[in-house]
Amino acid sequence: MLALRLLAEGGEGPNTELLWMLWVLLGFLALVVIVGWVAASRKPKQAAVKAEAVSSPVKKKAADDLVKIEGIGPKVVKVLARAGIETFDELANAKTADVQKVLDKAGLQMMDPAGWIDQAKLAAKGDWEAFDKLQRKLKGGRKK
């Protein structure tokens with residue numbers, strides 16, 4: 001009503017000087033409605049993807065304490081976790097060259113994962129006696 005009254009001010013007919021303001025206001029309102037509609041239509045799709053990820057039937061084993069392996073520290077554990085190696089079994093089944101590539105990419109070129117895999121094989125089997133015996137022969141994950 002206000003817009004019509006402003007346009008009809010004066011007795012001579014509509015005041016077209018303010019007509020552009022009405023069009024700008026209507027355009028802004030239309031833009032807000034369109035942006036709101038697009039934003040609202042995207043949210044359910046993202047929520048559906050998150051719900052599928054949460055309800056996926058594949059359950060991953062809990063991570064093992066890889067720091068128990070001679071030569072692996074907390075920093076290396078983080079690097080290995082980013083590469084998908086979080087358990088003794090995963091490390092035991094990894095190839096030395098692949099683990100070395102992961103370490104090189106993280107800037108840990110001085111590390112030698114060859115001894116880690118032997119230790120991980122024993123830890124994955126639960127042979128802690130042989131694991132301890134092997135570790136006594138190692139220094140920094142390498143044979144003395």
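What follows is a chat about a predicted model of a protein chain.

Visitor: What does the secondary structure of the protein chain come to?

Guide: In this predicted model, the protein chain has seven helices and two strands, and read along the sequence these follow the pattern α-α-α-α-α-α-α-β-β.

Visitor: And what pLDDT does the chain average?

Guide: The average pLDDT of the protein chain is 79, with 73% of the residues scoring at least 70. Among the elements, helix H1 (residues 2-7) has the lowest mean pLDDT, at 61, while H3 has the highest, at 90.

Visitor: How many aromatic pairs turn up in a search of the whole structure?

Guide: The search finds two aromatic pairs. One of them joins phenylalanine 88 and tryptophan 128 in an edge-to-face arrangement, with 5.9 Å from centre to centre and 75 degrees between the planes. This pair links distant parts of the chain, since phenylalanine 88 belongs to helix H4 and tryptophan 128 to helix H7 (residues 128-136), 40 residues apart.

Visitor: Is phenylalanine 88 buried or exposed?

Guide: Phenylalanine 88 is buried, because its relative accessible area is 6%, which falls under the 20% limit for that class. Tryptophan 128, for its part, is partly exposed, with a relative accessible area of 35%.

Visitor: What sits over the ring of tryptophan 128?

Guide: The charged end of lysine 68 sits there, 5.4 Å from the centre of the tryptophan 128 ring.

Visitor: Switching topic, where is threonine 87 found?

Guide: Threonine 87 is in the loop between helix H3 (74-82) and helix H4 (88-92). Its relative accessibility is 2%, so threonine 87 counts as buried. A polar atom of the threonine 87 side chain lies 3.1 Å from the backbone nitrogen of glutamate 90.

Visitor: Which residues does aspartate 64 touch, leaving out those up to four places away in sequence?

Guide: On that count, aspartate 64 touches Glu86, Thr87 and Phe88. Aspartate 64 itself is found in the loop between helix H2 (19-54) and H3, and it is partly exposed, with a relative accessible area of 28%.

Visitor: What separates the C-alpha atoms of aspartate 64 and phenylalanine 88?

Guide: Those C-alpha atoms are separated by 6.3 Å, although the two residues are 24 apart along the chain.

Visitor: Back to the whole chain: what share of contacts joins residues at least 24 apart?

Guide: Among contacts between residues at least 6 apart in sequence, 42% join residues at least 24 apart.

Visitor: And how much of the chain counts as buried?

Guide: Of its 144 residues, 21% count as buried. The accessible surface of the protein chain comes to about 10,900 Å², and carbon and sulfur atoms account for 62% of that surface.

Notes
Residues are numbered from 1 along each chain as its sequence is written. This is a predicted model: local features need pLDDT of at least 70, side-chain atom pairs count only at pLDDT 80 or more; totals for chains, interfaces and linings use all residues. Side-chain values use heavy atoms; hydrogens and water are left out. Helices (H or I, at least four residues) and strands (E, at least two) are DSSP runs, numbered from the N terminus. Buried means under 20% relative accessible area, exposed over 50%, partly exposed in between (1.4 Å probe, protein chains only). A polar contact is a pair of N or O atoms within 3.5 Å; within protein, one must be able to donate a hydrogen and the other to accept it, and residues adjacent in sequence count only if both atoms are side-chain atoms. Rings of Phe, Tyr and Trp (its six-membered ring) pair if their centres lie within 6.5 Å; planes under 30 degrees apart count as stacked, over 60 as edge-to-face and the rest as tilted. A charge sits over a ring if NZ of Lys or CZ of Arg is within 6 Å of the ring centre and within 35 degrees of the ring normal. Contact means heavy atoms within 4.5 Å. Accessible areas come from the Shrake-Rupley method with a 1.4 Å probe; for residues, only the protein chains shown count as cover. pLDDT is the predictor's confidence in each residue, from 0 to 100.
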